[in-house]
Amino acid sequence: MTDRPEPSALAYVPFVSVDNMMRLVNATGVEEFLRGLAGYIEADFLRWPEFDKTPRVASHSKDGVIELMPTADAENYGFKYVNGHPANMRQGYQTVTAFGVLSSVANGYPILLSEMTVLTALRTAATSALVAKYLAPKDAQVMAMIGNGAQCEFQAMAFRALLGVNRLRLYDVDPAATEKATRNLVAQGFDVTACDSAMQAVEGAQIITTCTADKQYATVLTDNMVGTGVHINAIGGDCPGKTELHRDILMRSEIFVEYPPQTRVEGEIQQLAPDHAVTELWQVMRGEVPGRKGPSQITLFDSVGFAIEDFSALRFVADRVAGTGFSQPLDLLADPDDPRDLFGMLGRAV
């Protein structure tokens, strides 16, 4: 019997566990982490044409959806595995879980494997607030948040970190969710009003965030609830057959999207004609087209989440954990002494 060979250095991939992700975020500070993450997302939006882009690959079932979200630039390839199962909470599971990989295009080797359940919540919030910097009314002070589940607090923290919004009006069909969110957000120093209806929540708000989980055509916002001059951050409708806004709101709004081929299938605009005009956010960020044009305009971010945002998040985390104790080496890749002798490596491991 031979000695079992030790893995080579090339066999190991840095792995960021949930525990290490939480340690990293808390050591950085949640709002500082969100600002840094938003900076990476913005930088990648500014070079949008450099990326390979494809709509996410989705496997739908009666219970939910499992998706792969890939993209690449000239140096790196990244993907995220993510699910969405609205009934999970009743069984003690999370509605959304995820993990992701960032790899080198040059040799195909992974350079990071990371949890992305926490990271997706952070990147979704960072993207929402980044977009609002371009689209929300100037000096917006009040945000209504309809849907107070797992994403709620992250959205609030991001909007304060990037826009200074500190006054929140919360509503959820489940009062326990609003109680949870109120407790967490008051502890973070927010001025919170818990509301009895969505109509009450939007009163006096310049920004309206909708983030509900039911996989159905829903009407979280009706047309009479939306006045002029607001910015709507619609992040709950993110798959075919799932929406939150009445169609009449869309017809009154200037609509901004990440990647039209994906959003037309998954977003609020699945309710509209396939050629309905929308504006791509990367063009706004590059100054090629205007964002908010005036104080009375209704702007709508039809957010479904796109792979480049996850790529940015993985890139950000890879840079933050390099040379630190916030990742651990994972023996992930077979690396025989002779690249042609994988079988011999197996035999020597007896």
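Two residues are in contact when they have heavy atoms within 4.5 Å. Keep that in mind for a look around this predicted model, where local features need pLDDT of at least 70, side-chain atom pairs count only at pLDDT 80 or more, and totals for chains, interfaces and linings use all residues. Residues are numbered from 1 along each chain as its sequence is written, and side-chain values use heavy atoms, with hydrogens and water left out.

**Glu-153**

Let's start with Glu-153, which sits in helix α4 (residues 152-163). Helices are DSSP runs of H or I with at least four residues, strands are runs of E with at least two, and both are numbered from the N terminus. Leaving aside residues up to four places away in sequence, Glu-153 touches Lys-180, Ala-181, Asn-184 and Leu-185. Is Glu-153 buried or exposed? Its relative accessible area is 13%, so Glu-153 is buried (buried is under 20%, exposed over 50%, partly exposed in between, with a 1.4 Å probe and protein chains only). Val-226 is 73 residues away from Glu-153 along the chain, and their C-alpha atoms are 23 Å apart.

**Aromatic rings**

Next, the rings: the structure has eight aromatic pairs. Rings of Phe, Tyr and Trp (its six-membered ring) pair if their centres lie within 6.5 Å; planes under 30 degrees apart are stacked, over 60 edge-to-face, and the rest tilted. Here are two of the pairs.

| Pair | Centre to centre | Angle between planes | Type |
|---|---|---|---|
| Phe-45 and Trp-48 | 4.7 Å | 35° | tilted |
| Phe-51 and Phe-311 | 5.2 Å | 85° | edge-to-face |

Phe-51 is in the loop between α2 (30-45) and β2 (57-60) while Phe-311 is in helix α10, so their pair ties together parts 260 residues apart in sequence. Phe-51 and Phe-311 are both buried, and Phe-45 and Trp-48 are buried too. Phe-45 and Trp-48 also belong to one aromatic cluster with Tyr-259 and Phe-306.

**Helices α3 and α10**

Helix α10 (residues 307-321) also meets helix α3 (residues 117-135): their axes come within 10 Å and cross at roughly 115°. The axes are lines fitted to C-alpha atoms over the stretch in contact, with angles from 0 to 180 degrees between N-to-C directions. The two helices are therefore roughly perpendicular (65 to 115 degrees; under 35 is roughly parallel, over 145 roughly antiparallel, the rest oblique). On the α3 side, the contact uses Leu-119, Thr-120, Arg-123 and Thr-127, and on the α10 side Glu-309, Asp-310, Ala-313, Leu-314 and Val-317.
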